[in-house]
Amino acid sequence: MSRFALITSGGGAKGAFTIGALTHMASIGISHFDIISGTSTGSLIAALVAVGRLDILRDEYTNVDNDSIITKQNIVNNLLGDKPFLFDTEPLRDLISKHITPEVFNALMQPTATTLCLTAISLQTGIPTVFSNKVLPAPASGTYKVYQVKNRDEMVLALLASSSQAGFLPPVTIGQEQFVDGGNREVIPTRVVVDLAPDEIFVMSNNPGILFPVARPYTDILNTILRAISIFIQDVRENDMKVLNDYCSASGKIFHIVEPTADLDPENPTGLRFNRQAMAGWMTQGQLRARNVLGTIMRGNGIA
């Protein structure tokens, strides 16, 4: 029997695009996956898709705002007070705890549950760690570590860590290490999926396949930094997709990628702008894009 994998990328509020794409996929009968690998906002999506709660995600990604996710801090006080972040994430932690209930956690830990892979980066080692509800084989490549989540508190912390953009949001301590957003090394977390060797892979990316050029000059610090972040994200993304392309080329396996055709929010590459109207629009874009990319493929394969 064929094994299916889903990969959900980072992108903060732009995760609404992924929710739209998954909504279309569910409408054509594609809603169960043997493996789901997520980074950052993609980790939050992965955990609830694994238990069939796309309805919760549609509600949250159209109703949250910045105050639902982060709390503004006094930058000077944080710098002087050994707090290495600009925003606090207590609202986000509360939101994760609200939805990763004991019942949801127990469902994720069942032997027959989807294999969930949540990527975060250790500040101490710089190595990605994949937090999972299952015992995963140690990667032969040594490019990442694996950690089996033991309880609900660790699951909440793993989801928070995967979503905590370094410098903007606080690192999350798990064991003896501090963890930050998996997107620092894997915007599209392909490596663990390739090692688990599924037959068909669906990739949901909240960023377009190319970095679009900008004609205007950069004359202020903030916009220059944000443009540099966009360039960094594109470089990481290209490396991630090379891993997947190499795997599929060598094995004859299939992957499909749903991605926007243009930057969803070019002035906010971090995705830390939770605007309800914008997210509703991105969700619609995700549905339309998935329909364009996957509609004929699914019918052609006899899946839909």
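Thr190 touches Ile7, Asp240, Val243 and Leu244, where touching, or contact, means heavy atoms within 4.5 Å and residues up to four places away in sequence are not counted. This is a predicted model, in which local features need pLDDT of at least 70, side-chain atom pairs count only at pLDDT 80 or more, and totals for chains, interfaces and linings use all residues. Residues are numbered from 1 along each chain as its sequence is written, and side-chain values use heavy atoms, with hydrogens and water left out.

**Around Thr190**

- Thr190 is found in the loop between strand E9 (177-181) and helix H9 (191-196), where helices (H or I, at least four residues) and strands (E, at least two) are DSSP runs numbered from the N terminus.
- Thr190 counts as buried because its relative accessibility is 0%; buried means under 20% relative accessible area, exposed over 50%, and partly exposed in between, with a 1.4 Å probe and protein chains only.
- A polar atom of the Thr190 side chain lies 2.9 Å from the backbone oxygen of Asp240.

- Ala13 has its place in the loop between strand E1 (4-8) and helix H1 (15-27), and because its relative accessibility is 1%, Ala13 counts as buried.
- Leaving aside neighbours within four places in sequence, Ala13 is in contact with Tyr61, Gly271, Arg273, Phe274, Met279 and Trp282.
- Ala13 and Val194 are 181 residues apart along the chain, and their C-alpha atoms are separated by 27 Å.
- The 13 residues of H1 should span 18 Å at 1.5 Å a residue, and the 19 Å between its end C-alpha atoms agrees with this; the expected span of a helix is 1.5 Å times one less than its number of residues.
- H1 is mostly covered, since eleven of its 13 residues are buried, among them Phe17, Ile19, Leu22 and Met25.
- Gly29 follows H1 and has a positive phi, near 90°.

**Helices H2 and H3**

- Two packed helices are described by the angle between their axes and the distance between the axes.
- The axes of helix H2 (residues 41-49) and helix H3 (residues 54-63) come within 9 Å and cross at roughly 145°; axes are lines fitted to C-alpha atoms, for helices over the stretch in contact, and angles run from 0 to 180 degrees between N-to-C directions.
- On the H2 side of this contact are Thr41, Leu44, Ile45, Leu48 and Val49, which meet Ile56, Leu57 and Tyr61 in H3.
- The residues of this contact divide into seven nonpolar, one polar and no charged, where Ala, Val, Leu, Ile, Met, Phe, Trp, Tyr, Cys and Pro count as nonpolar, Asp, Glu, Lys and Arg as charged, and the others, Gly among them, as polar.
- Thr41, which has its place in H2, is buried, with a relative accessible area of 5%.
- Apart from neighbours within four places in sequence, the contacts of Thr41 include Ser9, Gly10, Gly15, Tyr61, Ser163 and Asn206.

- Helix H8 (residues 152-163) has twelve residues and reaches 17 Å from its first C-alpha to its last, close to the 16 Å expected at 1.5 Å a residue.
- Asn151 caps the N-terminal end of H8, with a side-chain oxygen 3.2 Å from the backbone nitrogen of Asp153.
- H8 is mostly covered, with ten of its twelve residues buried, including Met155, Val156 and Leu159.
- Of the 62 residues in the largest nonpolar core, Ile100, Leu116 and Met155 touch the most other members; such a core is a set of buried Ala, Val, Leu, Ile, Met, Phe, Trp, Tyr and Cys residues joined through side-chain atoms within 4.5 Å.
- A second, separate core of 23 residues includes Val130, Val203, Leu226 and Met241.

**Loop residues with a positive phi**

- Most residues other than glycine have a negative phi, and most peptide bonds are trans.
- Ser40, in the loop between strand E2 (35-39) and H2, has a positive phi near 60°, and at 4% relative accessibility Ser40 counts as buried.
- Ala197, in the loop between H9 and strand E10 (200-204), has a positive phi of about 55° although it is not a glycine, and Ala197 is partly exposed, with a relative accessible area of 36%.

Methods:
Polar contact = N/O pair within 3.5 Å; in protein donor to acceptor, adjacent residues only side chain to side chain.
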